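The following note is intended for a colleague who is meeting this structure for the first time. Its points are numbered so that each may be checked against the model in turn.

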Amino acid sequence: MSNLPTKTEKSPKKEYNNILVHYCKECLSLKVMRVVGMEEACYCDNCGCTDIKQTSIEEWEQLYRKKHGFTYLNSTY
């Protein structure tokens, strides 16, 4: 029939939402860059901050909404 997930299977969206995202603690940007040759060295491509955190996309969206007053994922840029 179709390839839709059954009730006992995880939906692809749910699995995708479980992947942790890296974000800048200062400006909450998701534009985190790695320094070539230095695996642990990361910085924000927006503000240059090196305080990078990791969380779920849902938690990040709540932090973003709290700081900026709107949700980034539903905004029109």
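This is a predicted model: local features need pLDDT of at least 70, side-chain atom pairs count only at pLDDT 80 or more; totals for chains, interfaces and linings use all residues.

1. A definition is needed at the outset: a residue is called buried when its relative accessible area is under 20%, exposed when that area is over 50%, and partly exposed in between. With a relative accessible area of 34%, Tyr-72 is therefore partly exposed.

2. Overall organisation. The protein contains two helices and four strands. Read from the N terminus, these elements follow the order α-β-β-β-β-α. The protein has 77 residues, of which 23% count as buried. Among contacts with a separation of 6 or more, 41% are made by residues 24 or more positions apart.

3. Strands E2 and E3 run antiparallel and are joined by four bridges. Val-35 has Met-38 in E3 as its bridge partner, and Arg-34 stands opposite Cys-42 in E3. Two residues lie between the strands of this hairpin, where Gly-37 adopts a positive phi near 85 degrees.

4. Aromatic pairs. How many aromatic pairs does the structure hold? The count is four. Trp-60 is buried, its relative accessible area being 1%, whereas Tyr-72 is partly exposed at 34%.

5. Tyr-64 counts as buried, at 7% relative accessibility; Phe-70, at 36%, counts as partly exposed. Trp-60, Tyr-64, Phe-70 and Tyr-72 together form one aromatic cluster.

6. Which side chain of opposite charge is nearest to Glu-61? It is Arg-65, at 4.6 Å. A salt bridge requires a side-chain nitrogen of Lys or Arg within 4 Å of a carboxyl oxygen of Asp or Glu, and Glu-61, although buried, has no salt bridge. Apart from neighbours within four places in sequence, Glu-61 is in contact with Thr-71, Leu-73 and Asn-74.

7. Salt bridges. Side chains of opposite charge can pair when their charged atoms come close. A search of the whole structure returns two salt bridges. Lys-31 and Asp-45 form one of them, with the closest N and O atoms 4.0 Å apart. The partners come from distant parts of the chain: Lys-31 is in the loop between strand E1 (21-24) and strand E2 (32-35), and Asp-45 is in the loop between strand E3 (38-44) and strand E4 (52-55), 14 residues apart. Lys-31 is partly exposed at 43% relative accessibility, and Asp-45 is partly exposed at 38%.

8. The bridge between Asp-51 and Lys-53. Here the closest N and O atoms of the salt bridge are 3.5 Å apart. Are these residues buried or partly exposed? Asp-51 counts as partly exposed, with 31% relative accessibility, and Lys-53 counts as partly exposed, with 33%.

9. Cysteines. A disulfide is a covalent bond between the sulfur atoms of two cysteines.

Technical notes
Residues are numbered from 1 along each chain as its sequence is written. Side-chain values use heavy atoms; hydrogens and water are left out. Rings of Phe, Tyr and Trp (its six-membered ring) pair if their centres lie within 6.5 Å; planes under 30 degrees apart count as stacked, over 60 as edge-to-face and the rest as tilted. Buried means under 20% relative accessible area, exposed over 50%, partly exposed in between (1.4 Å probe, protein chains only). Lys and Arg count as positive and Asp and Glu as negative; His and the chain ends are not counted. Contact means heavy atoms within 4.5 Å. Two strands pair if DSSP finds at least two bridges between them.
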